[in-house]
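Reader: I would like to learn how to read a model of this kind, one feature after another. Could you take me through it, giving the general idea and then the case at hand?

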Amino acid sequence: MVDIIKGKVWKFGDEINTDLMVPSHALALSDTEMVKHCFSANRPGWVDLVKKGDIIVGGKNFGIGSSRPGANVLKSLGIACLLAESINGLF
């Protein structure tokens with residue numbers, strides 16, 4: 001049996017920082033509210049476009065920065081797959 005992932009692909013570049021995924025002003029919010037601010041600094045309105053099952057393709061060192069809960073936010077948004085040239089160890 002082969003699992004197939006279908007979804008829109010969202011392309012991101014190199015060095016995508018966790019500060020972009022979870023801006024500092026969103027850290028004090030509930031998990032439900034925090035998700036609404038994901039990538040708001042560099043892709044305003046992205047959370048309204050992304051759908052469960054979508055895919056992120058990143059470049060080098062995806063998830064660089066602090067250990068903010070970026071991975072949890074992406075999971076909460078329903079991202080099915082993250083494919084990157086490399087992923088930062090803290091992420």
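Author: Let us begin with the order of the elements: read along the sequence, the chain runs β-α-α-α-β-α-β, where helices (H or I, at least four residues) and strands (E, at least two) are DSSP runs numbered from the N terminus. This is a predicted model, in which local features need pLDDT of at least 70 and side-chain atom pairs count only at pLDDT 80 or more, while totals for chains, interfaces and linings use all residues. Residues are numbered from 1 along each chain as its sequence is written, and side-chain values use heavy atoms, with hydrogens and water left out.

Reader: How many helices and strands does the chain have?

Author: The secondary structure comes to four helices and three strands.

Reader: How many salt bridges does the structure hold?

Author: Side chains of opposite charge can pair when their charged atoms come close. The term salt bridge is used for a side-chain nitrogen of Lys or Arg within 4 Å of a carboxyl oxygen of Asp or Glu. The structure holds two of them. In one, the side chains of Asp19 and Arg68 meet at 3.2 Å, N to O; this pair links distant parts of the chain, for Asp19 belongs to helix α1 (residues 18–21) and Arg68 to the loop between β2 (55–58) and α4 (70–77), 49 residues apart. In the other, the side chains of Lys36 and Glu33 meet at 2.9 Å, N to O.

Reader: Is Asp19 buried, partly exposed or exposed, and which value decides it?

Author: Buried means under 20% relative accessible area, exposed over 50%, and partly exposed in between, with a 1.4 Å probe and protein chains only. Asp19 counts as partly exposed because its relative accessibility is 36%. Lys36, at 48%, also counts as partly exposed, and so does Glu33, with a relative accessible area of 33%.

Reader: Where does Ser24 lie, and why is Ser24 classed as it is?

Author: Ser24 lies in the loop between α1 and α2 (31–35), and Ser24 is exposed because its relative accessible area is 54%. The C-alpha atoms of Ser24 and His37 are separated by 9.9 Å, the two residues being 13 apart along the chain.

Reader: What share of the residues in the chain is buried?

Author: Buried residues make up 34% of the 91 residues. Turning to contacts, meaning heavy atoms within 4.5 Å, among those between residues at least 6 apart in sequence, 77% join residues at least 24 apart.
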